[in-house]
Amino acid sequence: MKTLKISVYRYNPDVDNAPYMKDYTLEVEEGRDMMVLDVLLKLKEQDPTLAFRRSCREGVCGSDGLNMNGKNGLACITPLSALNGGSKKVVIRPLPGLPVIRDLIVDMSQFYKQYEKIKPYLINDDKTPPARERLQSPEERAKLDGLYECILCACCSTSCPSFWWNPDKFVGPAGLLHAYRFLIDSRDTATEQRLDDLDDAFSVFRCHGIMNCVNVCPKGLNPTKAIGHIKSMLLNRAI
Amino acid sequence: MVKVASTFGRSGTHDYILIRASAIIMALYAIFLMSFFVTAEPLTYAAWTNLFASLGMKIFTMLALTSVLIHGWIGIWQVLTDYVKHSGLRAFIQFVVCVALMAYWLAGLLVVWPVEGV
Ligand code: SF4
Ligand code: SF4
Ligand code: FES
């Protein structure tokens with residue numbers, strides 16, 4: 001057995017005046033790896049007041065986005081060994097840039113508001129819809145790969161400095177990934193309106209290609225690339 | 001969606017194009033001046049004055065100064081809207097910077113335009 005040191009961000013607005021870091025220790029089996037979520041569940045057995053979100057525990061629902069040793073990710077699919085080789089102290093904080101509701105739970109409203117803004121649904125003004133379904137060729141469908149897989153965990157947007165400074169105006173990597181997903185969907189007819197909505201100095205153009213988003217996405221997606229495509233679409237229209 | 005569409009250009013896209021186009025002009029101007037310093041041997045007063053006496057150089061210089069104006073205007077606005085959250089303070093700094101940029105432009109025009117060769 002070896003002893004693992006874990007430091008967790010704690011804040012309960014009902015009783016605490018200010019957030020603080022609380023140190024925990026956990027006995028773990030030598031030579032065995034475990035996910036950060038399992039560590040948190042063990043800590044909750046020690047200290048039932050610890051609050052965090054989780055649901056699927058397999059990287060599908062996107063509810064346990066956390067900042068672990070300074071990097072955003074999903075606790076359920078981040079092994080301890082991935083954090084400083086699992087030897088040093090583990091520091092767990094909530095996702096940066098969003099208001100903390102309690103401990104590791106953040107208020108995601110701002111994030112969802114940006115998602116809502118890009119109209120994340122198919123718009124088609126076809127007067128005579130097809131009897132059964134709107135077909136796509138395999139090539140058209142392939143364009144959605146790398147875009148539709150996003151689980152809205154907010155790891156990317158909350159690692160983006162542009163989103164920290166202007167969370168009310170900059171759509172953020174997650175929202176823009178979805179924006180592009182609908183911009184290139186062959187069944188969507190609102191491309192021009194969508195581009196009109198993005199053609200200001202903040203929504204898209206606050207992205208300066210820092211690529212923090214790509215660095216943290218637990219699904220291996222590339223929002224920066226999608227944002228680049230949106231910028232090209234806007235430029236092609238302007239020139 | 002966002003109402004503050006842009007600062008200098010007509011839209012975010014327009015700002016984006018302006019800031020990049022002005023960067024290219026400034027880079028070309030800097031490279032040109034560098035190569036002039038390196039190749040003009042010896043670098044005399046006459047060589048320097050005659051360079052600025054040509055119409056092409058006057059226009060190139062004013063283009064570069066216009067680029068500084070546009071690039072600085074948009075760039076400072078972007079940085080300020082990121083880091084200065086107090087709108088009064090932000091407006092004040094933006095105002096000061098823009099006045100300085102316009103002063104540079106005007107001073108540049110008054111200095112460069114009357115230059116005659118020797
Ligand atoms: S590439 Fe753009 S969206 Fe991604 S982190 Fe950087 S600024 Fe944010
Ligand atoms: S793009 Fe990746 S990091 Fe961002 S919300 Fe989607 S799945 Fe999460
Ligand atoms: S618990 Fe669902 S993604 Fe981690």
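**Close-up 1. The surroundings of ligand 1 in this predicted model.** Let's start at ligand 1, which has 13 residues around it. A:Cys160, A:Cys207, A:Ile210, A:Met211 and A:Cys213 are the closest of them. Two elements of chain A, α7 (212-216) and α8 (223-238), each give two or more residues to this shell. Sorted by class, the shell around ligand 1 holds eight nonpolar and five polar residues, with no charged ones.

**Close-up 2. The shell around ligand 2.** Here you can follow the run A:Cys150, A:Ile151, A:Leu152, A:Cys153, A:Ala154, A:Cys155 and A:Cys156, which is part of the shell around ligand 2. Joining these residues are A:Ala174 and A:Leu177, together with A:Cys217, A:Pro218 and A:Lys219. This shell counts 11 nonpolar residues and one charged residue, and no polar ones.

**Close-up 3. The largest nonpolar core.** Now for the inside of the protein: this core has 67 residues, and A:Ile6, A:Leu40, A:Leu43 and A:Ile230 have the most contacts inside it. Helix α5 (residues 172-183) of chain A supplies the largest share, six residues. Both domain 1 (2-106) and domain 2 (109-238) of chain A contribute, each with at least three residues.

Technical notes. Residues numbered from 1 in each chain as written. Chains lettered and ligands numbered in written order. Predicted model: local features only at pLDDT ≥ 70, side-chain atom pairs only at ≥ 80, totals over all residues. Heavy atoms only, no water. Near = heavy atom within 4 Å. Helix = DSSP H or I, 4+ residues; strand = E, 2+ residues; numbered from the N terminus. Nonpolar A, V, L, I, M, F, W, Y, C, P; charged D, E, K, R; others polar. Core = buried A, V, L, I, M, F, W, Y, C linked by side-chain atoms within 4.5 Å. Buried < 20%, exposed > 50% of the residue type's maximum accessible area, 1.4 Å probe, protein only. Domains from an automatic or database assignment.
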